[in-house]
Amino acid sequence: MATSKITPKLAICIRSDDPDLLTPRMIYEILPDKNAAKSSHVRVIDNEGEDYLYPAKFFLFVDFPLTVKRTLRKIPSRPVSTSRLPRV
C-alpha cells in the first residue's frame, strides 16, 4: 500500500476577531479536517503555532504556484528570537 504525503493548503487571512491569533494579510497553513469543513470551519496553524478551528470566511484560499509553495515552506513559521542574536 502506497502512502501519500498530505500537503497542507495555504490561505490568506482576510478577517480576524483576535489579531493575536490571526493576522489579516498573513498566509496560514490549512490542515485537512473533514468534520470542520462540514461546519464551514477550517483547521489553521495560528500565530501561537497551534492548530485551531476558525470560520472559513476568515480566509481567502490560494493555490500558489509550486515554486512559491516550496519557498514559503522553507521559511520558519515562528520568528527567530532576537535575544540570541549578537549585539552590534
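Reply: Five bridges pair strand E3 (residues 41–45) with E4 in the antiparallel sense. Two strands count as paired if DSSP finds at least two bridges between them. Helices (H or I, at least four residues) and strands (E, at least two) are DSSP runs, numbered from the N terminus. The model is predicted, so local features need pLDDT of at least 70 and side-chain atom pairs count only at pLDDT 80 or more, while totals for chains, interfaces and linings use all residues. Residues are numbered from 1 along each chain as its sequence is written, and side-chain values use heavy atoms, with hydrogens and water left out.

Two of the positions along this pairing can be named. Val42 is opposite Tyr54 in E4, and Ile45 is opposite Asp51 in E4. The hairpin of E3 and E4 has five residues between the strands, and in it Gly49 takes a positive phi near 80°.

E3 also runs antiparallel to E2, with two bridges joining them. Here Arg43 of E3 is the bridge partner of Leu31.

These pairings belong to an open sheet of five strands, ordered E4-E3-E2-E1-E5 and paired in the antiparallel sense. E4 (51–55) and E5 (59–62) are the edge strands; each has a single partner strand, so one side of each is left without a neighbour in the sheet. From one strand to the next the twist averages 45°, where axes are lines fitted to C-alpha atoms, for helices over the stretch in contact, and angles run from 0 to 180 degrees between N-to-C directions. Besides its five strands the chain has two helices, and from the N terminus the elements run β-β-α-β-β-β-α.

Next, the faces of E3. In a regular strand the side chains alternate between the two faces of the sheet. Buried means under 20% relative accessible area, exposed means over 50%, and partly exposed lies in between (1.4 Å probe, protein chains only). Of the 88 residues in the chain, 19% count as buried.

Val44, in strand E3, has a relative accessible area of 0% and is therefore buried. Leaving out residues up to four places away in sequence, Val44 touches Leu22, Tyr28, Glu29, Ile30, Glu50, Asp51, Tyr52, Tyr54 and Phe59; contact means heavy atoms within 4.5 Å. Tyr28 is 16 residues from Val44 along the chain, and their C-alpha atoms are separated by 6.7 Å.

In soluble globular proteins, nonpolar side chains tend to be buried together. Val42 and Val44 are both in the largest nonpolar core, which has 11 residues; the others are Ala11, Cys13, Leu21, Leu22, Tyr28, Ile30, Tyr54, Phe58 and Phe59. Two or more residues of this core come from each of E1 (9–13), E2 (27–31) and E3. Such a core is a set of buried Ala, Val, Leu, Ile, Met, Phe, Trp, Tyr and Cys residues joined through side-chain atoms within 4.5 Å. Leu21, another core member, touches Tyr28, Asp46, Asn47, Glu48 and Tyr54, again leaving out residues up to four places away in sequence.

The side chains of Asp33 and Arg43 are joined by a polar contact of 2.7 Å. A polar contact is a pair of N or O atoms within 3.5 Å; within protein, one must be able to donate a hydrogen and the other to accept it, and residues adjacent in sequence count only if both atoms are side-chain atoms. Asp33 sits in the loop between E2 and H1, and a polar atom of its side chain lies 3.1 Å from the backbone nitrogen of Asn35. With residues up to four places away in sequence left out, Asp33 touches Arg43 and Leu53.

Ser40 lies in the loop between helix H1 (34–38) and E3. Ser40 has a positive phi of about 60° although it is not a glycine. Its relative accessibility is 52%, so Ser40 counts as exposed.
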